[in-house]
Every structure is written in C-alpha cells, then in structure tokens.
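The entries follow in the order in which I looked things up.

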Protein chains: 2
Amino acid sequence: MKQFVAQDIATAMENASWIRRMFEAGAELRKQRGAENVFDFSLGNPDVPAPAKTRDVLHALAEDVVRPCGLGYMPNAGLQSFREALAKRLSVEQAVPLSAKHIIATVGAAGALVAFFRAVLEAGDEVLVPSPYFVEYGFYCGHFGGILKPVPMEGPAFALDAEKLLAQVTDKTRVILLNSPNNPTGAIYAEEDLNRLATAINELNATRERPIYILSDEPYRVFAFDGVTVPSILAMSPYAIVLGSFSKSLSLAGERVGYLAIHPALEGCDTLLAAVTMTNRTLGYVNAPILGQRLAEALVDEQVDLSIYDERRKAMAAILTEAGFNFAVPKGAFYFFPEVPGGDDIAFCQKLLQHGIIAVPGRGFGRPGYMRLCCAVPMEVIQRSAAAFKEACK
Amino acid sequence: MKQFVAQDIATAMENASWIRRMFEAGAELRKQRGAENVFDFSLGNPDVPAPAKTRDVLHALAEDVVRPCGLGYMPNAGLQSFREALAKRLSVEQAVPLSAKHIIATVGAAGALVAFFRAVLEAGDEVLVPSPYFVEYGFYCGHFGGILKPVPMEGPAFALDAEKLLAQVTDKTRVILLNSPNNPTGAIYAEEDLNRLATAINELNATRERPIYILSDEPYRVFAFDGVTVPSILAMSPYAIVLGSFSKSLSLAGERVGYLAIHPALEGCDTLLAAVTMTNRTLGYVNAPILGQRLAEALVDEQVDLSIYDERRKAMAAILTEAGFNFAVPKGAFYFFPEVPGGDDIAFCQKLLQHGIIAVPGRGFGRPGYMRLCCAVPMEVIQRSAAAFKEACK
C-alpha cells in the first residue's frame, strides 16, 4: 500500500469533521425531501448581503487598478493605508492607542492564528482553550507541534472561568486562546472574568522566560446584542494579541481578509511584529488579498445589518424555548448551543435529520451532550423549522 | 532575556533575505541620489498593467456580489466554475485531460507549495531542487520538518541536469522541486532533460512505498520567448504535480490566486486531492480569495502584454553584453543571472550600488559569484542603466 500523504494527515482525514459530515448529510436530505423542507443550521456562512457601499467601492477599484502594480505585491504586513484605517478603528474599539505598525493584515482570522502560532510555538508547547471550542484550532497549532488543551467551561451559559483555565497553566503553556463572542456558544466573556485572567497572566509573565500570550480571536466582535459590549482584553494586558476578520461583519468570508494587532507596550512588540510578518510571508500567504484589503479599508467603519441577526436570534430563542430545550440565549455571534434531550448528541442530531433539521453534534466542538445551531440562515427558514423542533423533542 | 518568538524563527530573522537587504539599501540609495538616478533590479513585482478587460470584469463583479453569500465561503478547493475554466486551459497547456476535480485553487503559487508540502512531508523528508533556486522554498518545506537539498546546476545557462539530481535521491527523498521558466536564471528546461528525470522517477516509484513527487512550480509559464515552449512534465509522469499562479501572467500578485493540479492517472489521486484540500483549509487559507478567483476565471485565457517583457529582455541582454558580462540570455521569466566580474557577488553588488544599480547577490539564491537582475521595471530604467553597468565593469 503506497503512502501518498503524510501519516498524520491520513489519520486526520479519517476523522472528518462533524460540520463536514452534517454538510454531506444535508446534501442527501435535500435530495430526499426537497430543499424547501430542509432546515440547515450547520454551516456558518454569513448570508446577509454585504453593505450596499460594497458595490460603489468595487466600481471605484475597477477604475483604479489597471495601472502598473495596481494589483501587485505590497509590504508583507499589508497596505499602509488599510493598516492606518484599521489602527484608527481598533484604537477606539480596543481602548488602546494603536498605529499602523502594530497591525498586520492577514488571510482571514484563520491566517492570523496560523501565522501567530508558527511565530511563537515550539514543539510540545500547550495552547489552552475554553471548551467547547472551534475544532480547527487544533489543526492551527498542531501543524507546528503545538498541543491544544481544551478546558471545560460550565454550560449552558459557558461563561469564562478564569480559575479553571489558570489551574491548567504549566511550564509548557505558551498561549491562552479566547474567542468572544464565542463560536459555538454565543457567549460574550465578562469584563471581570477577563480581568481576573489578564491580571494573573501579567503576574506570571513577570518571571517567565517564555511569556504566555492571551490570543483573542474576535471575528464576531460586532455581533453583540441586548446592549452587551465586548470588553477589550488588549486594554488589560500587554501580552494580549487581538485578531479578527471582515468575514462576518462585512459578509466577506470568501475574500479572506483579517488582521492581528499587538500591544505597543509589549516589551517584545517589535520582535513579535517582525516574526509574524515573516511567518505571514513564509507560510505562503505573502500578503492579505489586495482587493479585499482595499474593500475593507473603504468599509472599515461599516457592517452588515445586525438587526437581521438580532431578529433571527430572538425568533430562534422563542422556538427553542417553546420546544423545551435547555439553553442560554446567546448574547453574541450567531450560534445557539443547547443541551440535547436525552444527552446523546449524535442520536439526537440524527433524530433531527428525520425532521429535516441539520445541526452539528456538540462533540464536534469538544462537548458531547449539546449541539450547535447556526442562525446565518434566512428568517423564513428559522420560522418554518419551529414545528420540526417541537416534533423532535416529543 | 525573554523569548517572545520561537527559536528557529528568531534565527531566521537574523538571516534576513538578501532581496530584503537590497530593498533596504535601495530605499537609502533613493534618498541619497534621488529616485530617478536609482536603477532597481531587485524586486520581482510585475509592473506591466493587468489586461484592460480587468476593469470590465471588476465592474461586472461589483453588480453581482451584493447579495446573500455573494462574497461568502465556497468549497475549500475553490469555485467550481473557476476550476472548470482552469481545467479547460490546463488540459491544453499540459496536454493531459484534467477536470475541475483535479484542480485546487490556492492562495498564490506559494500557498500551493506550502499546502502540498504539509500534505506529503514527514519530518526529515528531503526536497531536491536544482540550484540556484528561490530561497523561500526552504521555508515552505522547513515549516513541517522537510529539508531542502539544493543540487548545483551548471552556469551560465543552468540547464536541467537530470543525472545530477537523480544522483542525490535517497530513501529520504519525497519531492523533486522544479521551477521552469526559472527564477532566478530564466532557464526553460528542455523536453529531453525533463523526460530523463520523469522516466527515472516513474521507474523508482514502482517499488517505493513512499513515491517521489515531481513538483513543478510554473508561475512564469507564459513568459517564454524566442519561440521556445515550456514542455509539460505532467504529460511525462503521473507523479508530477503542477502548480502556478496568475500573479505574473495577469499582474495580479497582490490578490493571491494560484492553483495546483494533480494527474488523473496517479494511483493516489483522490487521496492526495483530499489531503491538499484539507491542508489548504487547516493552514488557514480556507479558500483562495473569491474576487481573485472570479477575476482569474473571467481572464483565464488572457495575459499581460508579453511583448513588453520581451523588449526589455532584449535591451537588457544588449546592455550586459556591451558591458562585458558572462551570461546566458534567458529564454523565460524576466530575470537575468550573470556571473559577476571578480567572482565576489557581495563586493560587486556593493560596487553596483555606488553606480545606482540595485541587484541581488547570487548567494541569495544559493549561488555565490552571480547576481540576479529583475526586468519587471520600465524600459526607460533599463536603458538609462546602461552607462552605470559599463562603469561598474571597468
């Protein structure tokens, strides 16, 4: 038997992700029931149209780019003008004065995560993450010998438990990875919990040769509802690194534009900036896509119509309550993460399939006994799913 | 002393690339002499404007994308329509019938290289490359424990010496990496030399558990002059993998659109396609940028005005001949790689700087005693540099 691929990749392919499996189950379901009778809550592809201004910006770009180097290479950290615009916005959002030099444009938030992990991890280093969590994180650090250590948080609200995280810190810990608003739970971490974590890490780092970074993955930052605001971890620690993207806020997921920002007061700020700029280059990203950067620059203060997401959230909350699920209404992002009746997430998701509903089992996020529902689907689909949820819970 | 970055990254940063150093020397030189008296042949940023049709395509895209998921995620291997268009073109270009499923859209050619290396390399695997070579290759495979082994080819023409490469094959060899038309030499490898290599690899692989791949990096494929055509290695071996980009052919370097194609007759074709699709996702690229893919799809049979590059090539050849350099006129790409008078490439490049000329020392490509000149600069710069080259050679 010839080995066409690396052993660890062959193994990983056998364990195809649950999101992917549900995606395939969905295709089958559509054939059987017809697309209009399938309620697909599996994939997080933002479906609200990009802001109308996107059209004008693209027309303007069309007139601008057919000139020497109009679509050419740029500094590996990104377009200066884009980084300046972003610095201005992030300085307000994060309550830390940032300039263009503290920001690196990346190929989405995922590209920022991978470039950062490559820059700081040695083989055997540990990355702590509150669980449930986005499973791709394991790949992102695993490429370079990093080991993801999920630390279970308490459901159904999945608030940040700083003590639980801190109890898992060892000499091997290099990164604590936070994601707020959270995928899959929709939780927004509270200021006091973040503060407890940041204070402890700041103290620990005073005597550590290899500091622990708090990596804050914030692609859902603008998706905060019920008047809740997302606190700035950057304002609490120079060891915090903030990253995000325009995939959700501008419905620009396919164009791959994200960023990473480093605190100006970090002692090794320049070294770390140079390192991530280099790994961003040598990992083959080279630079974030130029059309996406120019688009995001022009739309840096815009976002999609968030009221659409808020209405969906309220409708889904009502449906799940009516059906009898145990869950916390998410304050952020566009996911619900309810407990499943009976406790077996695979069995329940299969039951849901029989009613035309596609959900992802919680074990796909490191937490059996729950399931994830993504509300990046039209309101009409949510509303029509009500009866099916009720039936399945009987 | 705190360690803010990984050790190997810290070491790599100390050895900043020669291209980068010359870039910085150039900035200094411009301040001293004024930009108009600097002849910068260091960077390969394609400066010929993108095809005029780019404008129309972007206007059309502007009208199309502001709708649900118009700029959203897609299958990780890329847009089906783009891959179909590319399959049609590559089937002709490579003389092998390819369909969309054999092609993966990537974040530039660099993204294809990194995703491929991640999919096939185990730590300690060797990647053979004819030298001189593009130094970033070392990073691309080194991220995953691969070891780049440069095999010196003979100057000044740097034709492919298949025997020399084959003599370096060991049990550890996993990839032979070719780049034709070549950066930095401009060489186009001859059909008979490629055939000798492919035939030998096909034979070796018959009994190897872990086949050796011939990875053909072809971003300069359309840059072939004097009636020379670039042979298809894919037509010679099912173990050949072809990759390329639109960075140079459409002057689209900043948007990061490339591809990788696998031979349908490769026994492990499906496995390898699935593996690269997965590493393309888990390395954080997720998918090639959507605007770039749609642009490249609409322009799949177009290219920049190659006669501009050909005229520059002829002008530079005349200037270098007149100045007395020993070199082969490149048949492809847009680089010259002449021997330096005196044999010390650093000393000579420093001498050139005094005359306002920026070149990259050959050791930046693994070959001291030579230098690289990039002709992606206006004809007028090339012509005005003639006297400076002559002076420096005195």
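**Entry 1: where the chains meet**

I first looked up the contacts and noted that 88 residues of chain A are in contact with 88 residues of chain B, where contact means heavy atoms within 4.5 Å. I wrote beside this that the model is predicted, that local features need pLDDT of at least 70 and side-chain atom pairs pLDDT 80 or more, while totals for chains, interfaces and linings use all residues. For the bookkeeping, residues are numbered from 1 along each chain as its sequence is written, chains are lettered from A and ligands numbered from 1 in the order in which they are written, and side-chain values use heavy atoms, with hydrogens and water left out.

Next I noted the area: chains A and B bury about 7,200 Å² between them, 58% of it on carbon and sulfur atoms (buried area is the accessible area, with a 1.4 Å probe, that two parts lose on being put together, summed over both). A:Lys2, A:Phe4 and A:Tyr73 supply 11% of the area that chain A buries against chain B, more than any other three residues.

I then counted six salt bridges between chain A and chain B, a salt bridge being a side-chain nitrogen of Lys or Arg within 4 Å of a carboxyl oxygen of Asp or Glu. One of them pairs B:Glu136 with A:Arg281, whose closest N and O atoms are 2.8 Å apart.

Among the elements that give two or more residues to the side of chain A that touches chain B are helices H1 (7-14), H3 (53-64) and H9 (269-282) of chain A, and H9(A) gives the largest share, eight residues. Helices (H or I, at least four residues) and strands (E, at least two) are DSSP runs, numbered from the N terminus.

**Entry 2: a covered strand**

Is strand S6 (residues 213-217) of chain A mostly covered or mostly open, I asked myself, and what did I find on each face? Five of the five residues of S6(A) are buried, which stands for under 20% relative accessible area, with exposed over 50% and partly exposed in between (1.4 Å probe, protein chains only). A:Tyr213, A:Leu215 and A:Asp217 lie on one side, and A:Ile214 and A:Ser216 on the other. In a regular strand the side chains alternate between the two faces of the sheet.

Strand S5 (residues 173-179) of chain A runs parallel to S6(A) and is joined to it by five bridges, two strands being paired if DSSP finds at least two bridges between them. A:Asn179 stands opposite A:Asp217. On the other pairing, S6(A) and strand S7 (residues 240-245) of chain A are parallel over four bridges, and A:Ser216 stands opposite A:Val242.

**Entry 3: charged pairs**

A:Arg55 and B:Glu63 meet in one of them, 3.6 Å from N to O; because A:Arg55 lies in helix H3 of chain A and B:Glu63 in helix H3 of chain B, the pair joins two chains. A:Arg55 is partly exposed at 27% relative accessibility, and B:Glu63 is partly exposed at 48%.

Within chain A, A:Asp193 and A:Arg196 form a salt bridge at 3.4 Å, and they are about one helical turn apart in helix H8. A:Asp193 is buried at 12%, whereas A:Arg196 is partly exposed at 39%.
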